[in-house]
Amino acid sequence: MLEVNKIHLGDSYELIKEIPDKSIDCIYVDIPYLYFQGGEGKSDLGKRAMAKRKSLIDLNIEKGIDYSIFNELIRINKKINIFVWCSKNQLNDIMNVFKPFNLNFEILVWCKTNPTPTTNNIWLPDLEYCLYFREKGVKLNDGYELKSKFFTSPANVEDKNNYAHPTIKPLELVKRHILHSTQPKDIVLDSFSGSGTTCVACQEIDRQFIGIEIDPKYHKVSVDRLNGITHIGQTSIFTDFENL
């Protein structure tokens, strides 16, 4: 079993094999997105879109994932209780993975109030999608503020600057999802942990966590983040200095 309350450096496709069957209460992943070409151009806005896509290519997170990893995620889940952030182009494939199971599911969205303008006859990129799959017997906690299927906020530029990751999700949104679907001390796995948002959320709301990140740069960023340090070495104002 991988150590709990730790972000592990390594390949999630391999390290996940060390996690026993039915040992994880919830899985919360922001998988590498699959992007198609388009939405670019020679204008200033088009160049900004191209720069964003290049940042994803540089991180090797624009070509999606091997969907076989979902077999492992299902294996280690006590009961299927899985959140999957994905691109629009992956929705159908992921739905098909879970189709054979008798599950409740929801499409959750993050609505951005300041999306990056794009060009070439396409819609604004103002929504991000999270598929949630829940097996019968998984309890959802009460709390009106937890139950909304959408979350509205500006794109979190400050977090991107602090933790240098282009696809970072709002911490408050992640905490809301986990609070709604887990109980105190439950173990939450994020096998594509990136800058560590899921793990930080768990640390702040009395959940245990296991993170896996393959990129040494983001592994360090995420471990530092757990200790209240940004990627440029500054200490977060939210750090509990009494415990340093």
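Lys-185 and Asp-206 form a salt bridge in which the closest N and O atoms are 2.8 Å apart. Lys-185 belongs to the loop between α6 and β7, whereas Asp-206 belongs to the loop between α7 (197-204) and β8 (208-213), so the pair ties together parts that are 21 residues apart in sequence. The model is a predicted one. Within it, Lys-185 counts as exposed, with a relative accessibility of 53%.

Another of them joins the side chains of Lys-112 and Glu-128, with an N to O distance of 2.6 Å. Here the partners come from two strands: Lys-112 lies in β4 (residues 103-112) and Glu-128 in β5 (residues 127-135), so this contact ties together parts that are 16 residues apart in sequence. With a relative accessibility of 11%, Lys-112 counts as buried. Glu-128 also counts as buried, at 12%.

Glu-128 meets a further side chain, that of Lys-169, in a salt bridge of 3.2 Å, N to O. Lys-169 is placed in the loop between α5 (157-163) and α6, while Glu-128 is in strand β5, so the pair ties together parts that are 41 residues apart in sequence. Lys-169 is buried as well, its relative accessible area being 4%. How are these charged residues, Lys-112, Glu-128 and Lys-169, linked with Asp-30? The four residues are linked in a network of salt bridges.

The loop between α6 and β7, which holds Lys-185, also contains Thr-182; α6 spans 171-181 and β7 spans 187-190. Is Thr-182 buried or exposed? Its relative accessible area is 0%, so Thr-182 is buried, given that buried means under 20%. A polar atom of the Thr-182 side chain lies 2.6 Å from the backbone oxygen of Ile-178. Leaving aside residues up to four places away in sequence, Thr-182 touches Cys-26, Asn-81, Asn-141, Val-188 and Arg-207. The loop between α6 and β7 therefore holds both the exposed Lys-185 and the buried Thr-182.

Note on methods. Residues are numbered from 1 along each chain as its sequence is written. This is a predicted model: local features need pLDDT of at least 70, side-chain atom pairs count only at pLDDT 80 or more; totals for chains, interfaces and linings use all residues. Side-chain values use heavy atoms; hydrogens and water are left out. Helices (H or I, at least four residues) and strands (E, at least two) are DSSP runs, numbered from the N terminus. Buried means under 20% relative accessible area, exposed over 50%, partly exposed in between (1.4 Å probe, protein chains only). A polar contact is a pair of N or O atoms within 3.5 Å; within protein, one must be able to donate a hydrogen and the other to accept it, and residues adjacent in sequence count only if both atoms are side-chain atoms. Contact means heavy atoms within 4.5 Å.
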